Amino acid sequence: MSQERTDAELILASRHDPAAFRELYDRCSETLLTYFYRRTLDAEDAADLVAETFAVAYKKRLSYKEDGKPGMSWLYGIGRRELSHYRRRQRCDLKMVETLGMTMPELDTESIERIEHLVDASEYSKKLLAALGQLKAKDREAIYLRVQEDKDFKGVAEALGCTEGAARVRVHRGLSRLADIFGGGA
C-alpha cells in the first residue's frame with residue numbers, strides 16, 4: 001500500500017503531472033472555501049476566491065520551493081493575497097456594475113446551500129455576532145469600519161474622531177480579542 005503524498009509533494013509533482021494538482025485541489029479546496037467564506041460571509045465570493053487562488057497556485061507551482069512548511073501554508077499565502085486584491089477590486093467593480101446597469105451572474109441555490117452547509121454558516125454567524133457583542137463598542141465599531149467598510153486607518157480614525165494611531169490600536173485590540181474568544185480559529 002502506497003503512502004499518501006503530502007501537499008508539498010503534490011505541488012512539486014504537479015510540475016510534470018497535472019493529475020497531482022487535481023489531487024491537491026480535491027484535498028484542499030473545501031478548506032480554502034471555508035477560509036474565504038468566513039472572511040466574506042458570501043458563498044459566491046468564497047467560490048471565486050478559491051478559483052483565483054488555485055489559478056495563481058497553478059501558475060506559480062513551477063517556482064514553488066519546499067521549505068519544510070506544509071504545502072497548505074503556501075496555498076493560504078496565495079489565498080490571503082488574493083483576498084486582499086479581491087477586496088480592493090470589489091469596491092471598484094461594484095461601482096462599475098452599477099454605473100453600467102449590469103447584473104452579475106449568481107451561483108444557483110443548490111451551490112450556495114452546499115457551501116453554507118459545508119462551513120455551517122448560520123452557526124458561524126451566530127458565534128461571530130456573539131463574540132462581537134463581547135467587545136467594547138469602540139473596538140467593535142473600529143473593526144466594522146476597517147473590515148466591513150474596508151476603510152484605511154486614516155478613514156477609521158476620521159469616522160471615530162480619534163488619531164490614526166488610536167484607530168490602529170482599537171482595530172488590533174478588537175481583532176485580538178475576537179481571536180481570543182474564538183481560540184485563534186476564527
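Axes are lines fitted to C-alpha atoms, for helices over the stretch in contact, and angles run from 0 to 180 degrees between N-to-C directions. The structure is a predicted model in which local features need pLDDT of at least 70 and side-chain atom pairs count only at pLDDT 80 or more, while totals for chains, interfaces and linings use all residues. Residues are numbered from 1 along each chain as its sequence is written, and side-chain values use heavy atoms, with hydrogens and water left out.

**Figure 1. Packing of helix α7 on helix α9.** Helices (H or I, at least four residues) and strands (E, at least two) are DSSP runs, numbered from the N terminus. Helix α7 (residues 137-148) packs against helix α9 (residues 164-181) at about 100°, the axes lying 8 Å apart. Because angles under 35 degrees count as roughly parallel, over 145 as roughly antiparallel, 65 to 115 as roughly perpendicular and the rest as oblique, α7 is roughly perpendicular to α9. The contact (heavy atoms within 4.5 Å) involves Lys-138, Asp-139, Ala-142, Ile-143 and Arg-146 of α7, together with Arg-170, Val-171, Arg-173, Gly-174, Leu-175 and Leu-178 of α9. By class, five nonpolar, one polar and five charged residues form the contact of α7 with α9; Ala, Val, Leu, Ile, Met, Phe, Trp, Tyr, Cys and Pro count as nonpolar, Asp, Glu, Lys and Arg as charged, and the others, Gly among them, as polar.

**Figure 2. Packing of helix α7 on helix α8.** Glu-141, Ala-142, Leu-145 and Arg-146 in α7 meet Phe-153, Val-156, Ala-159 and Leu-160 in α8. The contact of α7 with α8 has six nonpolar, no polar and two charged residues.

**Figure 3. Aromatic pairs.** Rings of Phe, Tyr and Trp (its six-membered ring) pair if their centres lie within 6.5 Å; planes under 30 degrees apart count as stacked, over 60 as edge-to-face and the rest as tilted. By this rule there are six aromatic pairs. The ring centres of Tyr-35 and Phe-36 are 5.2 Å apart with the planes at 70°, so this pair is edge-to-face. Both Tyr-35 and Phe-36 are buried, where buried means under 20% relative accessible area, exposed over 50%, and partly exposed in between (1.4 Å probe, protein chains only). Tyr-64 and Trp-74 are also paired edge-to-face, at 5.0 Å centre to centre and 65° between the planes. This pair joins Tyr-64, in the loop between α3 and α4 (71-100), to Trp-74 in helix α4, 10 residues apart. Tyr-64 counts as buried at 5% relative accessibility. One aromatic cluster is formed by Phe-21, Tyr-25, Phe-54 and Tyr-58.

**Figure 4. Surroundings of Thr-53.** Thr-53 lies in helix α3 (residues 43-60) and is buried, with a relative accessible area of 0%. Not counting residues up to four places away in sequence, Thr-53 touches Leu-32, Phe-36, Leu-75, Ile-78, Gly-79 and Glu-82.

**Figure 5. Surroundings of Arg-27.** Arg-27, in helix α2 (residues 18-40), is partly exposed at a relative accessible area of 28%. Leaving aside neighbours within four places in sequence, Arg-27 is in contact with Glu-4, Arg-5, Thr-6, Asp-7 and Leu-10. The C-alpha atoms of Arg-27 and Met-72, 45 residues apart along the chain, are separated by 9.9 Å.
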